[in-house]
Amino acid sequence: MRPLAILPALALLVAMTVAEAHAHLRSAVPADGSSVATPPSRVVLRFSEAARLTAAWIARNAAPREPLRPLPDRAARELALSLPTLAPGRYVVSWRALSADGHIMPGEVRFTVLARGMIGHAPEHATGDATGHAPGPSSP
Amino acid sequence: MLSVPDALSVLLRALSLVLVLQAAGAALCLALFGRELADSLATARRLGSIAAASGAVCVVAHLALQAGRMAGDLSGMLDGSLLRLALTSTAGSASALSVLGLALIACALTARRTGVAVIGTALVTASFTLTGHTSVSPHRWILCLLLPAHLLIVAFWFGALPVLYLASLKESPARAARIVDRFSSVATWLVPGILLAGLALAALLVANLGVLRQPYGELLLAKLGGFALLMGLASLNKWRLAPAMARADPGALIAFRRSVAAELALIVAVLAVTAVMTTLFSPD
Ligand code: HEM
């Protein structure tokens, strides 16, 4: 039996093939960690696989999170969430999404809406359309 | 951060894995060795049907908790649209098939129809392929054979342990020794299949070796460690304790029972690790 056990171990090394089981967040607009000069009216989330949002919240600075509604009513790779009018501050948009494999995943993006006086200080972050985890300012 | 429904879901998943695989394994074990049992047969059947019935309750409760996880708090369990979403998700179909299999096991064991109970075992193990990481992989069809094979052998081993424990309590020493010997001779061939199927599953699911340094990979390695410890105990049983029982050595029965209880506890621990791994983490 022992020598047989080596076969799948070899397979583990050799036959690594990517299985996209979970829907992972690929990118977001505004991007995670970005600073934006104009308050966004919505957040767009792009997943690696179709996902269905089952809950979403927004929190400003240290305030408790508020639910975001309405949620998109079907699964898709790209999902948009309408935002209320945002005052300057640090925001966290968080959610729970159901993926095709039945798993429920939490996720969040953090971004900063700059106050008028601060716009000149962080122009390189002001596009808000970078993908991935763009480095954000340490504090607004 | 782990929410209350996430934590409860892992706990309930671990509990359902224990009960579901106990029920599935009891049916298999009674089909294979039921004829050898005399004074412990009725209790073994009863335990199997109790595990099946309580397992079905846990599976349903776990599905309802999915709605709580979707909402991020327990109030989701009262939200009709989230409950509907849970029911119509792949987890809903898997739970339905599992409950059907468990109902068959509970009824068939009560009615002493072990053959029918084994059909329940097949349904229960097949239900695992309808949801989870294996269900969406490009290697789905190989995984659909490997996962039930992994689970059938786990169930056989795990389900046999309480039967062996009962036999050592209730049967004559000679009969108990014979049953342990029969189990050992089958288990020696089957149990390495858990490792083979497990490694093959991992090879097909894990996206790259870097995953081994992430929580999914670390939990997978913990499973391997648990399996190695179990093999140690199983060898002790086969080479030391079973022969001592056959010779009717004083103290052999008690040592055997202790070792079976330790095996049971270790398998429960590996199932808990599996519940954390498959609920909260992903192999890619
Ligand atoms: C006695 C030991 C073991 C027990 C009780 C056990 C139990 C299980 C169970 C219950 C599942 C199904 C999980 C689910 O779909 O919810 C599973 C899946 C799996 N097992 Fe094991 N297992 C054991 C040993 C191993 C070993 C040694 C390996 C190899 C490293 C392994 C690798 C896997 C993999 C890769 C999966 C698929 C997980 C996924 O879907 O993400 N198992 N095991």
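## Salt bridges across the model

Over all chains, the count comes to nine salt bridges, a salt bridge being a side-chain nitrogen of Lys or Arg within 4 Å of a carboxyl oxygen of Asp or Glu. The model is a predicted one, in which local features need pLDDT of at least 70 and side-chain atom pairs count only at pLDDT 80 or more, while totals for chains, interfaces and linings use all residues, and side-chain values use heavy atoms, with hydrogens and water left out. Residues are numbered from 1 along each chain as its sequence is written, and chains are lettered from A and ligands numbered from 1 in the order in which they are written.

One of these salt bridges is formed by A:Arg46 with A:Glu78, whose closest N and O atoms are 2.9 Å apart. This pair links distant parts of the chain, since A:Arg46 belongs to strand β3 (residues 42–60) of chain A and A:Glu78 to strand β5 (residues 76–82) of chain A, 32 residues apart; helices (H or I, at least four residues) and strands (E, at least two) are DSSP runs, numbered from the N terminus. A:Arg46 is partly exposed, with a relative accessible area of 31%, and A:Glu78 is partly exposed as well, at 46%, where buried means under 20% relative accessible area, exposed over 50%, and partly exposed in between (1.4 Å probe, protein chains only).

## A link between the chains

A:Arg96 and B:Asp6 meet through their side chains in a salt bridge of 2.8 Å, N to O. A:Arg96 lies in strand β6 of chain A and B:Asp6 in helix α1 of chain B, so the pair joins two chains. Both A:Arg96 and B:Asp6 are buried, and together with B:Arg69 they are linked in a network of salt bridges.

## A salt bridge within chain B

In chain B, the side chains of B:Glu36 and B:Arg182 meet in a salt bridge at 2.8 Å, N to O. Here, too, distant parts of the chain are linked, with B:Glu36 in the loop between α1 and α2 (41–71) of chain B and B:Arg182 in helix α7 (residues 173–190) of chain B, 146 residues apart. B:Glu36 counts as buried at 16% relative accessibility, whereas B:Arg182 is partly exposed, with a relative accessible area of 32%.

## The iron site

The iron atom of the ligand is coordinated by B:His150 through NE2 and by B:Lys223 through NZ, at 1.9 to 2.1 Å; donors are N, O and S atoms within 2.8 Å of the metal (3.2 Å for Na, K and Ca), and water is not among the atoms, so sites may look incomplete. B:His150 lies in helix α6 (residues 140–170) of chain B and B:Lys223 in helix α9 (residues 215–246) of chain B, so the pair ties together parts that are 73 residues apart in sequence. B:His150 is buried, with a relative accessible area of 11%, and B:Lys223 also counts as buried, at 18% relative accessibility.

The angles among the six donor atoms of the iron atom of the ligand run from 82 to 177°, and the site is octahedral. Four donors count as tetrahedral if all angles lie between 85 and 135 degrees; four count as square planar and six as octahedral if opposite donors are over 155 degrees apart and all others between 65 and 115, and anything else is irregular.

## The strands of chain A

Chain A has one helix and seven strands, which follow one another from the N terminus as α-β-β-β-β-β-β-β. Of its 140 residues, 43% count as buried. Strand β7 (residues 104–113) of chain A is mostly covered, with seven of its 10 residues buried.

Two strands pair if DSSP finds at least two bridges between them. Strand β2 (residues 34–36) of chain A pairs with β7(A) in the parallel sense over three bridges, and the bridge partner of A:Ser34 in β7(A) is A:Phe111. Strand β6 (residues 89–99) of chain A runs antiparallel to β7(A) and is joined to it by 10 bridges, with A:Val113 in β7(A) as the bridge partner of A:Gly89. In the hairpin of β6(A) and β7(A), which has four residues between the strands, A:Gly102 takes a positive phi near 85°.

## Two further places in chain B

B:Leu11 is found in helix α1 (residues 4–33) of chain B and counts as exposed at 59% relative accessibility. By contrast, B:Gly92, in helix α4 (residues 90–110) of chain B, is buried, with a relative accessible area of 6%. B:Gly92 and B:Thr274 are 182 residues apart in sequence and 20 Å apart in space, C-alpha to C-alpha.
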